[in-house]
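Q: I would like to go through a structure with you, a bit at a time. Could you start once it is on the screen?

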Amino acid sequence: MTMPAISPDNVKMLPTTAAPVVAMRPKRAPRADRFLKIARATAVRVIPPLIVLALLMLFWELVCRRAGSTLPPPSKVFKDTRELIFDPFFDHGGIDKGLFWHLSASLQRVAYGYSLAAIAGIALGTLVGQSVWAMRGLDPLFQVLRTIPPLAWLPLALAAFRDGQPSAIFVIFITSIWPIIINTAVGIRNIPQDYRNVAAVVQLNPLEFFWKIMLPSAAPYIFTGLRIGVGLSWLAIIAAEMLIGGVGIGFFIWDAWNSSHISEIILALFYVGIIGFVLDRAIAGLGYLVTHGTSAN
Amino acid sequence: MKPYLKLDHIDKTFTRGNATTEVLKDINLNIARGEYVSIIGHSGCGKSTMLNIIAGLTGASIGCVLLEDREVNSPGPDRAVVFQNHSLLPWLTVYQNVQLGVDKVFAKSKSKAEREAWILHNLNLVQMTHAKDKRPSEISGGMKQRVGIARALAMEPKVLLLDEPFGALDALTRAHLQDSVMALHQKLGNTIVMITHDVDEAVLLSDRIVMMTNGPSATIGEVLDVPLTRPRKRLDLATDPLYLKCRKRVLEFLYERHRFVEAA
């Protein structure tokens, strides 16, 4: 918008017949004004967390700088891990790789396990939500199984698969599937009778009903489950990798502890937190895109 | 006269636990092709249940519904329903909501282009072509109900079932939509069964008014012919003695002989 702001002076200069029309136009702020507005809105959201972060860092620095402190202060963390931060892509063979490779290995496991959990979870949730008998049969089982801590499954998985990789994927799967099943089932059970009546009058077959009514209607619930699930699977993979070893951010942390590289642990935790946050936002964003404008009213 | 739609000795009982409630008892009704029949009664008299039985959404306990001499006991597009709360699918656009039924009913008999033209034709009938790409949340209550009517009409139903179609609308929108439905009935000659609790609406729109007694065990108390000539004009009718007489008959039935008793 290069149009200048309409001030009373501008209007006065125009012919009198055109004046009312011009006056009716909505006023538009000039470009600089709008940028200022956006900048202000951003600043309001970004500055408070930055201030809190700076204060926490300062506190940490002060507490840990004393001699004999067990944990390194932020300045030391940065100095120790500079190489890891600025070169995440090195690969010296074995598990001596850059953080990028560790994180991508972990993310890959999560991607496999979580995708399987999403597919199986939505399918099972639909079954449980749709059929009273399936619910009666399966729900008690789900309620017991979902309380088992993720890592408790790992030995059993190792015994069954005799390999770390599929066992880790299984742990992700079994951790993230429960909230997906339960939320999908609630979503399916909450499909309004009206929509079922519409489907009945139009005579949709079960497959069409599933795609055209069930999934869109239950989508907000399903995405709630998916979002909880992705958070849990990221929690589980770190713990599982500590035990199975190999390339992965979980074992990277454990390895750093064994070599007493405390700074590396702190850096890894920082990355784990950021990625967990991004995963959560990504699923939330996807849910927003898919269910946009679909809230019943 | 051979009935087009026939309700034959319909009883309906609901059982919950040990308690059995008889909602409808011995409903007999013959409806001719092209007829506009209203069913009126106090709330709780089972008129919605009756419509659901015709639609096939609820089964009758005893008796049956015959449409062109064939028994109907499951829902289908030949008895399209316009629901009270419009029941448009909020994740589909206006066009897609109508398309859902059309694609299913005319999957084999119409080509894709023909179906598209047919959807637009029906949206045009209810004057909603301008909003075809909007979602239900973006249009007003009256418009939603128009789309609901278009969706039902587009399935080319043998009988159009209206379940209190104007109940949730404000008075002005309601009058406007009543006129539209009257014009559509005039133009297309559909057979229509409408549930209502509005006496003026029933007299204005119907050829016959079926008055229900109070439940439980509600049945048809009286059937009133409305011999007003069509097309009917709302304003002219306001002083028409025949209209007033019909209106009085229904009012007497509802408020004198079968006064609504609040269920304990």
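Predicted model: local features only at pLDDT ≥ 70, side-chain atom pairs only at ≥ 80, totals over all residues.

Q: Okay, so is B:Arg234 buried, partly exposed or exposed?
A: B:Arg234 has a relative accessible area of 32%, so it is partly exposed.

Q: And which side chain does B:Arg234 meet in a salt bridge?
A: The partner is B:Asp179, at 3.0 Å from N to O. The pair links distant parts of the chain, 55 residues apart: B:Asp179 is in helix α5 of chain B, and B:Arg234 is in helix α7 (residues 234–237) of chain B. B:Asp179 counts as partly exposed because its relative accessibility is 33%.

Q: Tell me about that α5 helix. How many residues does it have?
A: Helix α5 of chain B, residues 171–188, has 18 residues. From its first C-alpha to its last it reaches 25 Å, close to the 26 Å expected at 1.5 Å a residue.

Q: Which residues of α5(B) are buried?
A: They are B:Ala175, B:Leu177, B:Gln178, B:Ser180, B:Val181, B:Met182, B:Leu184 and B:His185. Just after the helix, B:Gly189 takes a positive phi of about 65°.

Q: Which residues other than glycine have a positive phi?
A: B:His9 is one of them, with phi near 45°. B:His9 lies in strand β1 (residues 5–16) of chain B. Another is B:Asp69, whose phi is about 65°; B:Asp69 sits in the loop between β4 and β5 of chain B.

Q: Why mention them at all?
A: Most residues other than glycine have a negative phi, and most peptide bonds are trans.

Q: Then where is there a cis peptide bond?
A: The bond from B:Arg230 to B:Pro231 is cis, with omega near -5°. B:Pro231 is in the loop between β10 (220–225) and α7 of chain B.

Q: Back to salt bridges. How many does the structure hold?
A: Over all chains there are 17. Among them is the pair of B:Lys158 and B:Glu68, with the closest N and O atoms 3.1 Å apart. This pair also links distant parts of the chain, 90 residues apart: B:Lys158 is in the loop between α4 (141–154) and β7 (159–163) of chain B, and B:Glu68 is in the loop between β4 (62–67) and β5 (70–72) of chain B.

Q: What about B:Arg79, buried or exposed?
A: B:Arg79 is buried, because its relative accessible area is 3%. B:Arg79 forms a salt bridge with B:Asp78, the closest N and O atoms being 3.3 Å apart. B:Asp78 is partly exposed, at 23%.

Q: New topic: how many residues of chain B are in contact with chain A?
A: There are 23 residues of chain B in contact with 20 residues of chain A. The area buried between the two chains is about 1,800 Å², and carbon and sulfur atoms give 66% of it. B:Trp91, B:Leu100 and B:Lys104 supply 34% of the area that chain B buries against chain A, more than any other three residues.

Q: How many salt bridges cross that interface?
A: The rule finds one across the interface of chain B and chain A. A:Glu208 forms a salt bridge with B:Lys104, and their closest N and O atoms are 2.8 Å apart.

Q: Last one: which residues form a nonpolar patch on the surface?
A: They are A:Ile47, A:Ile51, A:Leu55, A:Leu58 and A:Leu62, with about 490 Å² of accessible area together. A:Ile47 is found in helix α3 (residues 31–64) of chain A.

How values were computed
Residues numbered from 1 in each chain as written. Chains lettered and ligands numbered in written order. Heavy atoms only, no water. Patch = residues over 30% accessible without salt bridge, like charges linked within 9 Å, V, L, I, M, F, W, Y side chains within 5 Å. Areas by Shrake-Rupley, 256 points an atom, 1.4 Å probe, with all protein chains shown as cover. Salt bridge = Lys/Arg side-chain N within 4 Å of Asp/Glu carboxyl O. Helix = DSSP H or I, 4+ residues; strand = E, 2+ residues; numbered from the N terminus. Expected span 1.5 Å × (residues − 1). Buried < 20%, exposed > 50% of the residue type's maximum accessible area, 1.4 Å probe, protein only. Contact = heavy atoms within 4.5 Å. Buried area = accessible area lost by both parts, 1.4 Å probe.
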